[in-house]
Amino acid sequence: MKILVATEKSFAPIAVRLIREVTEAAGHDIALLENYKSVSELLYAVFDADAMIVRGDLVTPEVLVAAKRLKIVVRAGAGYDNIDLPACTAHNVVAMNTPGQNSNAVAELAFEMMLCQARGGFAGRAGTELRGKTLGLHAFGNVGKYVSEIAKGFGMDVYAYDPYVNDNVINEFGIKACRNPEELYSACQYVSLHMPANDKTKKSIGYDLLKRMPKDAVLVNTARKEVINEDDLLKIFEERPDFKYLSDVEPDCKAVFEEKYKGRFIFTAKKMGAQTEEANINAGVAAARQIVDYFKTGNEKFRINNSNQ
Ligand code: 3PG
């Protein structure tokens, strides 16, 4: 079988080497399409692929039509908002993700951004500390759990809200469960977002929640820019000079921030949360193993699309 690794944002070389080892040891061939610049390059590369490993790369109906032999696509990562799942099902393609494999890297980035902001960008002025500050985790999945562990080490007072996680589970981590988002945002100076981008969450972080945050509020987004209502975010920035926004990827309204709110935001140019050697190895090798296993045994453990259409 031919396994295509199609990554517009490439894995670390060591991860690619290990992915190759796993796939070739199982008797499969590997093809690489890294740092590609246009969809046409992807459409050309997928035409004879039996399997595909992607990151945030868009797997659209157009890609699936071009991929005539494709049987399985694995998103090396957690969020799969880049994959058209109904189209995968319609083309008899199994879609999977690799949950948890890059979560620690994303959690560390949330902290790196918080620390950098708290110290005023290391520009020489006195900053602030994280110890004793309140931190709210909006969603308590794999990344939220890692963030809670790091936050406890920093002596932060941690809260979480997740409609899909039982309060007991949250309490077992030694943190406080909130009954609704309003309670979380009212309690916490720092709020860190860890939900996926889907129909329920897109644009769900808006004025009504943000206005509740205490003085010197800091919103940390290592999730997806789509979950933010950017008009509302700009409204809060206009009203509250104490409000800050740290985001792993630039918002669509980046130009307004640069013009009006210097010193009150940090944006990474390219999504950097999972961009560590360790995360690339964990997620990339997990993806390769899932493909090898699927071809060998039919194991669909991490399947994310419907199989009965
Ligand atoms: C994920 O969904 O796993 C993270 O956001 C990392 O995504 P990336 O592989 O596109 O950097």
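Is cysteine 116 buried, partly exposed or exposed, and what is its relative accessible area? In this predicted model, cysteine 116 is partly exposed, with a relative accessible area of 21%. The cut-off for a buried residue is under 20%, so cysteine 116 does not count as buried at 21%.

The disulfide count for the structure comes to 0. Cysteine 116 is in no disulfide. Its nearest cysteine sulfur belongs to cysteine 253 and is 20 Å away. Cysteine 188 is also in no disulfide. Here the nearest cysteine sulfur is that of cysteine 178, at 6.0 Å. Cysteine 188 has 0% relative accessibility and counts as buried.

The sheet architecture comes next. An open sheet is formed by 7 strands, in the order S8-S7-S6-S9-S10-S11-S12. The pairing is parallel. Strand S8 (176-177) and S12 stand at the edges. Each has a single partner strand, so one side of each is left without a neighbour in the sheet. Within this order, strand S10 (residues 218-221) and strand S11 (residues 244-247) run parallel and are joined by 4 bridges. Leucine 219 has tyrosine 245 in S11 as its bridge partner.

Another parallel pairing involves strand S1 (residues 2-7). S1 is joined to strand S2 (residues 29-34) by 6 bridges. Threonine 7 stands opposite glutamate 34 in S2. Of the 6 residues of S1, 5 are buried, so the strand is largely enclosed by the rest of the structure.

Nonpolar packing was examined next. In soluble globular proteins, nonpolar side chains tend to be buried together. The largest nonpolar core of this model has 32 residues. Leu193, Ile205, Leu219 and Phe257 have the most contacts inside it. Several elements give two or more residues to this core, among them strand S7 (157-161), helix H8 (181-187), strand S9 (190-193) and helix H9 (207-210). Helix H10 (230-239) and strand S12 (265-267) are also included. The largest share, 4 residues, comes from H10. Isoleucine 205 illustrates the packing in detail. Beyond residues up to four places away in sequence, isoleucine 205 touches His138, Tyr185, Leu193, Met195, Leu210, Leu219, Val227, Ile228 and Asn229.

The whole structure holds 13 aromatic pairs. One of these joins phenylalanine 237 and phenylalanine 257 in an edge-to-face arrangement. The ring centres are 4.8 Å apart, with 70° between the planes. Phenylalanine 237 lies in helix H10 and phenylalanine 257 in helix H11 (residues 254-260), so the pair ties together parts that are 20 residues apart in sequence. Phenylalanine 237 and phenylalanine 257 are buried. In another pair, tyrosine 294 and phenylalanine 295 have ring centres 5.9 Å apart and planes at 50°, so this pair is tilted. The two residues fall on either side of the 20% cut-off. Tyrosine 294 is buried, at 19% relative accessible area. Phenylalanine 295 is partly exposed, at 21%. Ring pairs also link Phe237, Phe243, Tyr245, Phe257, Tyr261, Phe265 and Phe267 into a cluster.

The charged end of lysine 176 sits over the ring of tyrosine 159, at 4.8 Å from its centre. Lysine 235 lies over the face of tyrosine 207, with a distance of 3.9 Å to the ring centre.

Backbone torsions and loops complete the picture. Most residues other than glycine have a negative phi. Alanine 139 has a positive phi, near 95°. Alanine 139 is found in the loop between strand S6 (134-138) and helix H6 (142-153). At 8% relative accessibility, alanine 139 counts as buried. Lysine 203 also has a positive phi, of about 60°, although it is not a glycine. Lysine 203 belongs to the loop between S9 and H9. At 57% relative accessibility, lysine 203 counts as exposed. A further loop, between S12 and helix H12 (277-297), contains alanine 269. Alanine 269 is exposed, with a relative accessible area of 67%. Alanine 269 and asparagine 104 are 165 residues apart in sequence, and their C-alpha atoms are 20 Å apart in space.

Notes:
Residues numbered from 1 in each chain as written. Predicted model: local features only at pLDDT ≥ 70, side-chain atom pairs only at ≥ 80, totals over all residues. Heavy atoms only, no water. Core = buried A, V, L, I, M, F, W, Y, C linked by side-chain atoms within 4.5 Å. Buried < 20%, exposed > 50% of the residue type's maximum accessible area, 1.4 Å probe, protein only. Contact = heavy atoms within 4.5 Å. Phe/Tyr/Trp six-rings, centres within 6.5 Å; stacked < 30°, edge-to-face > 60°. Lys NZ or Arg CZ within 6 Å of the ring centre and 35° of its normal. Disulfide = S-S within 2.5 Å. Pairing = 2+ DSSP bridges.
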